[in-house]
Amino acid sequence: MPGGSGTSVSGIVRTYQRGYVLSEGALEQVPVGSSQEQALLVLGTPSTVSTVSGDTFYYISQTEKRVAFLKPEVTDQRVLAVYFGKDRRVTRIANYGLKDGKVFDFVTQTTPTSGEELSVLKQIISATDFSAGPAIGR
């Protein structure tokens with residue numbers, strides 16, 4: 001008679017998306033030149049807003065992998081930034097995350113190098129902790 005039965009604990013892996021979930025095709029509906037109202041209608045309420053040098057809406061998300069009952073591991077963290085000019089129109093959109101340990105814009109394929117923008121992004125990424133909130137299973 002074989003000993004034991006059931007599923008291996010190491011085989012139970014789940015991925016969760018926390019925070020803002022970007023809908024497919026949403027960014028195409030908010031091109032440069034769009035109004036702030038259009039951005040709000042399409043993207044929804046931002047996670048946070050900055051008024052340092054013009055308005056910027058930040059939409060923050062985090063993806064984590066959970067293996068059985070072990071501590072979850074963050075596999076991706078993104079900050080979608082929508083920048084507005086004085087006329088409240090979109091001037092630029094960036095999708096920031098970490099690449100090789102550095103803040104990276106996946107839209108322009110560049111790394112911000114200095115300034116207030118980089119400082120704000122580093123603070124947002126290091127301060128983001130969704131562990132207390134509900135997760136959306138994937």
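## Glu 64 and its partner

Glu 64 counts as buried, with a relative accessibility of 6% (buried means under 20% relative accessible area, exposed over 50%, partly exposed in between, with a 1.4 Å probe and protein chains only). Its salt-bridge partner is Arg 66, and the closest N and O atoms of the two lie 2.9 Å apart. A salt bridge here is a side-chain nitrogen of Lys or Arg within 4 Å of a carboxyl oxygen of Asp or Glu. Arg 66 is partly exposed at 27%.

A note on the source: this is a predicted model, where local features need pLDDT of at least 70, side-chain atom pairs count only at pLDDT 80 or more, and totals for chains, interfaces and linings use all residues. Residues are numbered from 1 along each chain as its sequence is written, and side-chain values use heavy atoms, leaving out hydrogens and water.

## A bridge across the sequence

The count of salt bridges comes to two. Glu 37 and Arg 88 also meet in one, at 3.1 Å from N to O. Glu 37 sits in helix α1 and Arg 88 in the loop between β4 and β5 (90-99), so the pair ties together parts 51 residues apart in sequence; helices (H or I, at least four residues) and strands (E, at least two) are DSSP runs numbered from the N terminus. Glu 37 is partly exposed at 43%, and Arg 88 is partly exposed at 40%.

## Ser 34

Ser 34 lies in the loop between β1 (13-19) and α1 (36-43), and is buried at 9% relative accessibility. Leaving aside neighbours within four places in sequence, Ser 34 is in contact (heavy atoms within 4.5 Å) with Gln 29, Arg 88, Arg 89 and Val 90.
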